[in-house]
Amino acid sequence: MIRKKPSAREHSSSSSSSSTTAREENTEWEMRPGGMLVQKRTVQTDAPARNLRLRIAYGALRYEICVSSMATFGEVKKVLSGETGLQVDEQRVVYRGKERQNGEYLEACGVKDRSKVGLIQDPSSIERRFIQMRINAKIQNAHRAINDVALQLDQLADQVSAIEKSISNGVKVPEVQITTLVEMLMRQAIKLESITAEGDASAQKNLLGKRVQKCVETLDELKLSNGRTKPVVVTTKWETFEHPPSSTTWELFD
C-alpha cells in the first residue's frame, strides 16, 4: 500500500489552520452594553496608562477633570458626580455628537488629551428630583407642625400637674379652670388630626395623640375629685385689747 506524502503546501496549510484554531480557543470575548460581542481588551502591564485632561461643558458651566486613558465613560460620570452633584444615573455624556454608554472605553472612542465632552442632565431625573424636593418639603412641614403641638402640649401638661397637686392637697380648684384646660387640649388634638405625616413623623404624631388623651382622662378624674373637695374656710381670730384708763391731767396756763 502506497501512502501519499503530504506536500509542503498542505503541511503549511494544516499548521496554519491548527495555530488559528489554537488562537481562537485562547481568545476571550466580552459583551458590550449595546449587545455586541467583541474581543476582550488585553491590558499590557508594561505600558502604563496615560492620564487625560477632559474639558467638560455642562450648560454655561465648564469643568476640567483628569482621568485614565483606560477609563470608561461610566468612570468619567463618577468623577463628575463630585464636581456637579449629579448622580451617575442622572447624567448623559455626549462625545462627538453621540451619547456614550457607561461601558464604553475612552480610548476606543478616540478620546484624547483635552478632548471636549458634553454633559446633559437627564430630563427624567429633573422631574424625579423635583418630586423628591416636594416630598422632603412635605416631611419638614409635618415635623415642624408636630413640634409646635409638642411645645403647646408640654405647657398644658404642666397645668394639669399643677391642678392635680392642688386637688391632692385638698384645695378646691374652680371648675371653669378644668373645663378650659380640656378645651385647649382638644384643640391640640384637632391640630394633630389635620397633619399628614409618614414614617417617623407619623409615629411621633401618634405618641402625642396618646399623650393628649391621657391628659384629658386625668382631668376628667380630677373633675370628679374636685367636686368632692370641700372648700377650705379660713377663719381669723382677732385679739382684742382693753382701752387703758384715761388718767391724763391737763394743766392750764394763763
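In this predicted model, V149, Q152, L153, L156, Q159, V160, I163 and I167 of helix 3 meet Q177, I178, L181, M184, L185, Q188, K191 and L192 of helix 4. Contact means heavy atoms within 4.5 Å. By class, this contact has 11 nonpolar, 4 polar and 1 charged residues. Ala, Val, Leu, Ile, Met, Phe, Trp, Tyr, Cys and Pro count as nonpolar, Asp, Glu, Lys and Arg as charged, and the others, Gly among them, as polar. Helices (H or I, at least four residues) and strands (E, at least two) are DSSP runs, numbered from the N terminus.

Residues are numbered from 1 along each chain as its sequence is written, and side-chain values use heavy atoms, with hydrogens and water left out. As the model is a prediction, local features need pLDDT of at least 70 and side-chain atom pairs count only at pLDDT 80 or more, while totals for chains, interfaces and linings use all residues.

**Helix pairs**

Two packed helices are described by the angle between their axes and the distance between the axes. Here axes are lines fitted to C-alpha atoms, for helices over the stretch in contact, and angles run from 0 to 180 degrees between N-to-C directions.

| Pair | Angle | Axis distance |
|---|---|---|
| Helix 3 and helix 4 | about 155° | 11 Å |
| Helix 4 and helix 5 | about 165° | 10 Å |
| Helix 3 and helix 5 | roughly 20° | within 10 Å |

Angles under 35 degrees count as roughly parallel, over 145 as roughly antiparallel, 65 to 115 as roughly perpendicular and the rest as oblique. Helix 3 and helix 4 are therefore roughly antiparallel. Helix 4 and helix 5 are roughly antiparallel too. Helix 3 and helix 5 are roughly parallel.

**Contacts of helix 5**

Helix 4 supplies E175, I178, T179, L181, V182, L185, M186, A189, L192 and E193 to its contact with helix 5. On the helix 5 side, the residues are K205, L208, G209, V212, C215, V216, L219, L222, K223 and N226. This contact has 13 nonpolar, 3 polar and 4 charged residues.

Helix 3 meets helix 5 as well. Its residues in that contact include H143, I146, N147, V149, A150 and L153. Among their partners in helix 5 are A201, Q204, K205, L208 and R211. The classes here are 14 nonpolar, 6 polar and 4 charged residues.

Helix 5 covers residues 200-228 and has 29 residues. From first C-alpha to last, helix 5 reaches 43 Å, close to the 42 Å expected at 1.5 Å a residue. The expected span is 1.5 Å times one less than the number of residues.

Which residues of helix 5 are buried? They are A201, K205, L208, V212, C215, V216, T218, L219, L222 and N226. Buried means under 20% relative accessible area, exposed over 50%, and partly exposed in between (1.4 Å probe, protein chains only). The cover over these residues includes helix 3 (123-168) and helix 4 (175-194).

**Loop residues**

L106 lies in the loop between strand 6 (98-100) and strand 7 (116-121). At 0% relative accessibility, L106 counts as buried. Beyond its neighbours within four places in sequence, L106 is in contact with L54, V67, S68, S69, A71, T72, F73, V76 and V111.

P48 sits in the loop between strand 2 (37-39) and strand 3 (51-58). P48 counts as exposed, at 70% relative accessibility. Its C-alpha is separated by 9.6 Å from that of M70, 22 residues apart along the chain.

Most residues other than glycine have a negative phi. R96 has a positive phi of about 55°. R96 lies in the loop between strand 5 (91-95) and strand 6, and counts as exposed at 61% relative accessibility. R114 also has a positive phi, near 65°. R114 is in the loop between strand 6 and strand 7. At 37% relative accessibility, R114 counts as partly exposed.

**Whole chain**

The protein has 5 helices and 7 strands. Of its 254 residues, 26% count as buried.
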